[in-house]
Amino acid sequence: MKKCIATLCFVATVWSIPGATRSSDPPDPPYEFRAAWIATVRNLHWPSKPDLSTARQKEELRQLLESAARLGLNAVILQVRPAGDAFYLSEREPWSPYLTGQLGRAPDPYYDPLAFAIREAHARGLELHAWFNPFRVLIRTPTNPPVPATHISRVRPEWVRPYGPYLWLDPGEPGVADYVIETVLEVVRRYDVDGVHFDDYFYPYPEKTAEGRPLPFPDEPSWERHGRSGNLSRDDWRRRNVDRFVERLYRAVKDARPTVRVGISPFGIWRPDHPAGVRGLDAYAVLHADARKWLQEGWLDYCAPQLYWATTAPEQPFASLLRWWQTQNMARRHLWPGLNTARGSEWGPAEILKQIEVTRQTGASPGHIHWHLPALLRQTNLVQALLRGPYAQAALVPPATWLPGRSPDLPRLEVGTETGSSRLHLHWTPATNAPARFWYLQVLQHDGWKSRRLDGSTRALIVDDARAVAIRAVAVNGLAGPPAVWRRSSNNSPHPKTSVSRRSAETTLPERSTTPR
């Protein structure tokens, strides 16, 4: 088979052309964080049961990631440390019981779930953020199986407080923050994660006694040793413990790997009456979580307040709460709220679409996170509405411009044709100034431009019926470079007189389907 491969000249190629009129100019890629949580605690989302085979665990996760990518998400947030355990090979904490059915037992046949998840996510153009619960270290069950000697509750029992059904690391013990930060850094240093993520669990949500009375958190020992002698109230002392942990954690992650993003998803109400008329749990007073301060100080790269109410909720209006959080964003970090998509089947697709539209109107770098991925995928009507509307084109994650790094330069694109076929063989190589974390591919076909994200290791693709093709590199910090653009000439073949004798790659990756698996 005869093949002609054309090397394009990119001197005059521009990727963002104000007022451009040529239909073959690629549109600017949209920027929006589109993510979903995958919880592993109590086998909520994955794995579906704790005693599945290694092969079945892998297949379940592949299906979730494939569906997320086909839907148009660009990130998943995977819980890797639910309660003093690990979904990865750790020198500090035992294997999770939600993985193998027994705390401390490794997968058999062996694999590293986090390494597998990162590889499979990146292969589909998805970022992977590792989600940690910092202070919850054991969820007790009626059977109370044995706890291995390597578990922190046995290594440092003086740090641990029983509270309701949990064992909880006491944030008031000075060594606790050091331990948790080093646990997070073990993952940051050893795994190619795109971010580390924390939800709303710092001090625990209130438990009750058998008689229904509030159960106080039993931190009397640390309060007596480290708090009472100071000039802070007990509540203020607890908040300072969490503040110091958040600040130290952020700085430690940046020292270890500056481009790894730190995200926190606090309860959606900072305090009642903020904004006026809002009612609900006082996270500042009850959880001792001053998320407003963390956002104002810039001790995170993105804040994802859990705005789990409808736009019509009289005492927790979605839009008003989001605008209030935006007014507190003095450090100009990303603000990507959590959506209660699990209630989408009750609210209807229009409510989730409206919430996404509100996020786009509120900030210059929009984004949102679905609670949770399986619930999102089960709602066929919502999935179809997203694909027809806000997720019609693949989106890039908004870059964290305050982090180090530069935009990649123009890649080199080569296009080859097959005699008697409409197929195009694409092959590209990155510039040398910045490696590509992902590629953003745009293809102009008869019904308009289509786009998708590709793994940074991808170098070749076959597409059908393309009138134009554009490819740009995306750096690890999220910055995108200019596109290399190829346009079909009027005689329906690649640009003449630029043939080179280079073999086209045979790897075929299909265009993103409009129907998720």
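The legends below describe several close-up views of a predicted model.

The model is predicted, with local features requiring pLDDT of at least 70 and side-chain atom pairs counting only at pLDDT 80 or more, while totals for chains, interfaces and linings use all residues. Residues are numbered from 1 along each chain as its sequence is written, and side-chain values use heavy atoms, with hydrogens and water left out.

**View 1. The protein chain as a whole.** The protein chain holds 14 helices and 24 strands, where helices (H or I, at least four residues) and strands (E, at least two) are DSSP runs numbered from the N terminus. Of the 517 residues in the protein chain, 58% are buried, a word that here stands for under 20% relative accessible area, with exposed meaning over 50% and partly exposed lying in between (1.4 Å probe, protein chains only). Among the contacts in the protein chain with a separation of 6 or more, 73% join residues 24 or more positions apart, a contact being heavy atoms within 4.5 Å.

**View 2. The open sheet of ten strands.** Ten strands with parallel pairing form an open sheet, in the order β13-β15-β16-β2-β3-β4-β8-β11-β12-β14; two strands pair if DSSP finds at least two bridges between them. At the edges stand β13 (306–307) and β14 (334–335), each of which pairs on one side only. Strand β12 (residues 302–303) runs parallel to β14 and is joined to β14 by two bridges, and in this pair Y302 stands opposite H334.

**View 3. The hairpin of β6 and β7.** Strands β6 (residues 160–163) and β7 (residues 166–169) run antiparallel and are joined by four bridges. Together β6 and β7 form a hairpin with two residues between them, and G164 in the turn has a positive phi of about 55°. Y163 is placed opposite Y166 in β7.

**View 4. The largest nonpolar core around W294.** The largest nonpolar core has 107 residues, of which L169, F202 and W294 touch the most other members; such a core is a set of buried Ala, Val, Leu, Ile, Met, Phe, Trp, Tyr and Cys residues joined through side-chain atoms within 4.5 Å. Helix α5 (residues 174–190) supplies the largest share of this core, nine residues. When neighbours within four places in sequence are left aside, W294 is in contact with F202, V242, D243, V246, I264, A289, W299 and L300. A second, separate core of 18 residues has V415, L454, A466 and A473 among its members.

View 5. The largest pocket contains about 390 Å³ of space. On a 1 Å grid over the protein atoms alone, a pocket is an open set of points with protein on both sides within 12 Å along at least five of seven lines, a cavity is a set of points where a 1.4 Å probe fits but cannot get out, and lining residues have an atom within 4 Å of a point. Grid points are joined across faces, edges and corners, and a volume is the space filled by probe spheres set on the points. The lining of the largest pocket comprises 19 residues, with P97, L138, I139, T141 and P145 lying nearest the centre of the pocket. Two or more lining residues come from each of α2 (97–100) and β5 (136–139), and β5 gives the most, with three residues. This lining divides into eleven nonpolar, five polar and three charged residues, with Ala, Val, Leu, Ile, Met, Phe, Trp, Tyr, Cys and Pro counted as nonpolar, Asp, Glu, Lys and Arg as charged, and the others, Gly among them, as polar.

**View 6. The largest cavity.** A search of the whole structure finds two cavities of 30 Å³ or more, and the largest cavity contains about 60 Å³ of space. Residues lining the largest cavity include E127, D194, R261, R437 and R453, and the whole lining divides into five nonpolar, one polar and five charged residues.

View 7. T40 lies in the loop between β2 (33–38) and α1 (54–71), and counts as buried because its relative accessibility is 0%. Not counting residues up to four places away in sequence, T40 touches W46, L78, Q79, P82, F87 and Y98. P266 is found in the loop between β11 (261–264) and α8 (283–286), and counts as buried because its relative accessibility is 5%. With residues up to four places away in sequence again not counted, P266 touches D200, A291, C303, A304, P305, Q306 and W325.
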